[in-house]
Amino acid sequence: MTVIGVEEIQTGIEAAEPRFGKLQALYGLLPETQCRCDRPGECCLFLPQMTWVEALQWFRCIAELPREDRDAAVRRFLGFFLSNPARRGHCPFLADDGGCGNYEFRPFACRAYGIWSIEWGRQGTAQSREGKKALVAMWRRYGIELPEETATHEMEYCDKVTVSGSTPPPDSRLMDLLSRVHGLDDAHPEMKRCFEDGYGSDFSMLMASLVWGRLKADLNKYAVIKDLIQKKSDARLEKLLAKATAPF
Ligand code: SF4
Ligand code: SF4
């Protein structure tokens, strides 16, 4: 399989139902944390990395919303997909007060952020910076020069998270839990591979593909980024979002 459609999402949610509880149980093995920064949500700049089962959990959350809220949620993901990286956005679930709008179902990546060691976090930040350089080069090949402040923006790994009542678990423990979270995808090998390889584990890309189809989603993004940067116009973005509705 190379393309995931609405039917695969619906059957995927049903098939993954027994694993949602296991996922929550694994999340429960992480320690309680407290944030000590004065800018909550600053770390929610991007969509978190997630597994296929975690993505299905998000689809289920959105599918259960009333129609109007569902459309609004889908549009937020489409807006993120289309305008990133021309604009500095944030995770579509980030609430106005800096809290998480989907706290109960936030992925492992969000839960473990700030608990990993500083060394591990800095390494991840460095890798992400390298990835952004590759992204800038890719858009340059398309004739588009991404703005410096959004293309290369990367926050330093946060050191303001404390673990309640105990010392933080070592990276080896977190890696073991992460591997068990990924292991829940093993029951759906074909979908896991397709989500990872075909969509880069990017929930917003998958959402856009469900709404417009894979190729059209990419073409829409190219046209929107070009307009945002070269014409300084968000008319196309607004028009696409105004017409979009939830595909499920
Ligand atoms: S993880 Fe860090 S940046 Fe994010 S809310 Fe917590 S303390 Fe603030
Ligand atoms: S899911 Fe919640 S915690 Fe994670 S990036 Fe989005 S808003 Fe932040």
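Helices (H or I, at least four residues) and strands (E, at least two) are DSSP runs, numbered from the N terminus. Residues are numbered from 1 along each chain as its sequence is written, and chains are lettered from A and ligands numbered from 1 in the order in which they are written. Please keep in mind that this is a predicted model: local features need pLDDT of at least 70, side-chain atom pairs count only at pLDDT 80 or more, and totals for chains, interfaces and linings use all residues.

1. Let us begin with Ser201, found in the loop between helix H8 (189-199) and helix H9 (203-212). Its phi is near 55°, a positive value in a residue other than glycine. Most residues other than glycine have a negative phi. A residue is buried if 20 or more other C-beta atoms lie within 10 Å of its own, exposed if 12 or fewer, and partly exposed in between, with C-beta atoms placed from the backbone. Ser201 has 19 other C-beta atoms within 10 Å, so it is partly exposed.

2. Lys232 also deserves a look: its phi is positive, about 55°, although it is not a glycine. You will find Lys232 in the loop between helix H10 (214-231) and helix H11 (235-243). Lys232 counts as exposed because it has 7 C-beta neighbours inside 10 Å.

3. Where is the cis peptide bond that involves Pro85? This bond joins Asn84 and Pro85, with omega about 15°. Most peptide bonds are trans. Pro85 sits in the loop between helix H3 (67-83) and helix H4 (108-112).

4. Next, a helix pair. The axes of helix H1 (residues 6-27) and helix H2 (residues 52-63) come within 9 Å and cross at roughly 110°; axes here are lines fitted to C-alpha atoms, for helices over the stretch in contact, and angles run from 0 to 180 degrees between N-to-C directions. That makes H1 roughly perpendicular to H2, on a scale where angles under 35 degrees count as roughly parallel, over 145 as roughly antiparallel, 65 to 115 as roughly perpendicular and the rest as oblique. On the H1 side, Ile9, Gly12, Ile13, Ala16, Arg19, Phe20 and Leu23 meet Val53, Glu54, Leu56, Gln57, Phe59 and Arg60 of H2, where contact requires C-beta atoms, placed from the backbone, within 7 Å. The residues of this contact divide into 8 nonpolar, 2 polar and 3 charged (Ala, Val, Leu, Ile, Met, Phe, Trp, Tyr, Cys and Pro count as nonpolar, Asp, Glu, Lys and Arg as charged, and the others, Gly among them, as polar).

5. For the core, the largest nonpolar one has 50 residues, of which Ala55, Val74, Leu78, Leu206 and Met207 touch the most other members. Such a core is a set of buried Ala, Val, Leu, Ile, Met, Phe, Trp, Tyr and Cys residues joined through C-beta atoms within 7 Å. Leaving aside neighbours within four places in sequence, Leu206 is in contact with Ile4, Ala55, Phe195 and Tyr199.

6. Which residues surround ligand 1? They are Cys35, Arg36, Cys37, Pro40, Gly41, Glu42, Cys43, Tyr113, Gly114, Cys158, Lys160 and Val161, each with its C-beta atom, placed from the backbone, within 6 Å of the molecule. This shell divides into 7 nonpolar, 2 polar and 3 charged residues.

7. Around ligand 2 are Cys44, Pro48, Cys91, Phe93, Leu94, Cys100, Asn102, Arg106 and Cys110. The shell of ligand 2 holds 7 nonpolar residues, 1 polar and 1 charged. Asn102 belongs to the loop between H3 and H4 and is partly exposed, with 18 other C-beta atoms within 10 Å.

8. Finally, Lys192 lies in helix H8. Lys192 counts as partly exposed because it has 18 C-beta neighbours inside 10 Å. Residues up to four places away in sequence aside, Lys192 touches Trp52 and Asp185. From Lys192 to Pro40, 152 residues apart in sequence, the distance is 32 Å, C-alpha to C-alpha.

Technical notes: Two residues are in contact if their C-beta atoms, placed from the backbone, lie within 7 Å.
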